[in-house]
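I opened this notebook to record a reading of one model. The entries follow the order in which I looked things up.

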Amino acid sequence: MGGFMGHGWSRRAAGMMLGALMLLVLLLCLLPGGDRGAADAAPAARSFTGVASCAGSTCHGRMEGDGKVVRQDELMRWQEPSSPGGAHARAFAVLSGTRGRQIASTLGFGDPTAAPACLGCHSTPAAAKGARFLASDGVGCEACHGAAGGWIASHYAVGATHASNVAAGMMPLDRPQARAAVCLDCHFGSDRPGQFVDHRMMAAGHPRVSFELDLFSSMQAHHDEDADYVRRKGRTDSLKLWAVGQAMAVERALTLYASAKGSEGAFPEFYFFDCQSCHRRIYDQAERSKTWEANPGRPIPVGMPPFNDENMIMLSAAAKVIAPGAAGRFDADSKAFHAAIARDRGAAVAAAGKLAASAGALANGFAGARTSGDMAFAIVSEIAGGAISPRFTDYEGSVQAVMAIDTLLNSMVKSGRVTVGAAAGIRADVNRAYAAVKEPNSYQPAAFRSALGSAARSIGALR
Ligand code: HEC
Ligand code: HEC
Ligand code: HEC
Ligand code: HEC
């Protein structure tokens, strides 16, 4: 069977009549997984089958989440209009709303629902499409779980395991690095066609993209982490997910910055730089009114835009606690990178490569690390502490810090270190920190640091 299913099969198929080929593809879809390889095997395995293929009422389209193994009402939850969990199902439709049409017409793209520059993130990017695939389904199941052609028929069969599904091409979203890579493609950008929101799109009206892996994962979750889930995939470690998410975001940003995406015409690509550093008021008066603050983590001369370092700051805090041996190197590499940007693009690209490697090594280290309940407390106190806190001089780093505090507090509740009641008691402090970053145009670094400090102190008191 193996030879028949493998590359020999593809070569033979090339010479066949179309009808026969279709029949074979159909047969392959219906056959159980067997020893067919992962996504690189038969073309059918790489085919996106479409949301309709998952939506049967005996599959993931039930009205009640009462399935034996998984809930089976995932479709409904993915579509839920009242929650952020429903955002992916809406992603295609928002393109033809007022804002979407205005962005596309400003850029000269015409109809946004047909613009490749938008569809890479606002629908399921699919190279090979099955008969039931529809771009209008938005960010469908396979955008995250992987093309289902290789496993749609086998994943619910008797004897199927998570490992056999993954071997047939299912994305192992339970692994923090695999999940981060999938989300970042759209929630930061990638080098694949149609997956980059450059500054020109922002200037045309696209919202700024902000992301934190653990928080956004819980916002869109459509599964229960019950005993059965834990048996099959293990318990989700929120702290690890957060830390790996930060490291992967730094690695992704630097890799893209070092690629052709890093410049636009004679300019650097502004997407990578701190938005507010350029978009500020100018005061022209006898008494200087300074709108920027010196930043100890970022040796960049006055008058130059800083690289957006929101994830670098968080990664520095995470490394100090989870991988103290590697923290010094990461901080040195990140300072060297900021300084290199002031020299020339060649130096910046070289330093970006080095820093990306540092971040990648931290992602690997975190993924394999043994975390403990104390670590979440230690990271919160690092974030608000003397080494990290002075680095909150800009809006975006501050937003990322509040999301971190929120995530880490939730992880303390999940791990049983903090009771639900105690967490609710300090919710007001966390909300004050959120309020301090609600409006970018009225952001005040000192006021933010004070709100963050008091939230961190209340959390620390629960230790
Ligand atoms: C790199 C992926 C990516 C690309 C490319 C992209 N977007 Fe988006 N878009 C997003 C994400 C992510 C959000 C949600 C931002 C947030 O709230 O965090 C979004 C939000 C939006 C929104 C606001 C939706 C709402 O619910 O208010 C509109 C409108 C939009 N995009 C239109 C477009 C158009 C038009 C294009 C093509 C010119 C485009 N996008 C290209 C990722 C992308
Ligand atoms: C934005 C990404 C994304 C989209 C879109 C998405 N999922 Fe998920 N899904 C996840 C993540 C992340 C998990 C949790 C990690 C895991 O167990 O794989 C998950 C979990 C699940 C689970 C539980 C798995 C288990 O082992 O218990 C099922 C079933 C599922 N999704 C089905 C669907 C279906 C059906 C759709 C489309 C209607 C869909 N998902 C759309 C990301 C996504
Ligand atoms: C193929 C692109 C794509 C992928 C992959 C993707 N997303 Fe999204 N996501 C989007 C777009 C586009 C939006 C905005 C849609 C809108 O506003 O209508 C969005 C919105 C969201 C929202 C709602 C945000 C809000 O402010 O309401 C959450 C939460 C989210 N995504 C989480 C995730 C997570 C977690 C993953 C990875 C498991 C992921 N997404 C993978 C494209 C994607
Ligand atoms: C290096 C400086 C710089 C950075 C960094 C920068 N921008 Fe801009 N931005 C500009 C310039 C220059 C313009 C064009 C102004 C004009 O057309 O007169 C602009 C225009 C815009 C506009 C259109 C304003 C209008 O009046 O229509 C928006 C919106 C915007 N930027 C958002 C962003 C966002 C979001 C970020 C961060 C992801 C960002 N910018 C980062 C320099 C910058």
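**Entry 1, conventions.** I noted that this is a predicted model, in which local features need pLDDT of at least 70 and side-chain atom pairs count only at pLDDT 80 or more, while totals for chains, interfaces and linings use all residues. Residues are numbered from 1 along each chain as its sequence is written, and chains are lettered from A and ligands numbered from 1 in the order in which they are written.

I took the bounds from an automatic or database domain assignment. It gives domain 1 (1–49 + 147–168), domain 2 (65–144) and domain 3 (238–461). I found the C-alpha centres of domain 2 and domain 3 to be 30 Å apart.

I counted a residue as near a ligand if its C-beta atom, placed from the backbone, lies within 6 Å of it. Ligand 1 is surrounded by 28 residues, the closest being Arg99, Gly100, Ile103, Cys118 and Cys121. Helix H6 (98–107), H7 and H10 each give two or more residues to this shell; helices are DSSP runs (H or I, at least four residues), numbered from the N terminus. By class, I listed 17 nonpolar, 10 polar and 1 charged residues around ligand 1. Here Ala, Val, Leu, Ile, Met, Phe, Trp, Tyr, Cys and Pro count as nonpolar, Asp, Glu, Lys and Arg as charged, and the others, Gly among them, as polar.

**Entry 4, ligand 2.** I found 24 residues around ligand 2, with His60, Cys141, Cys144, Leu173 and His223 the closest. Helices H4 (74–79), H8 (141–145) and H13 (227–233) each supply two or more of the shell, and H8 has the largest share, 4 residues. The classes are 11 nonpolar, 8 polar and 5 charged.

I looked up the buried residues of H10 (buried: 20 or more other C-beta atoms within 10 Å of the residue's own, C-beta atoms being placed from the backbone). They are Pro176, Arg179, Ala180, Cys183, Leu184, Asp185 and Cys186. These pack against H7 (116–122), H12 (213–219), H14 (238–258) and H18 (345–368), a contact being two C-beta atoms, placed from the backbone, within 7 Å. Glycine 189, with a positive phi near 145°, follows H10.

I treated a nonpolar core as a set of buried Ala, Val, Leu, Ile, Met, Phe, Trp, Tyr and Cys residues joined through C-beta atoms within 7 Å. In the largest, of 91 residues, Ala247, Leu315, Val380, Ile383, Ile405 and Leu408 touch the most other members. H14 gives the most to this core, 13 residues.

Definitions and conventions. Buried ≥ 20, exposed ≤ 12 C-beta atoms within 10 Å, placed from the backbone.
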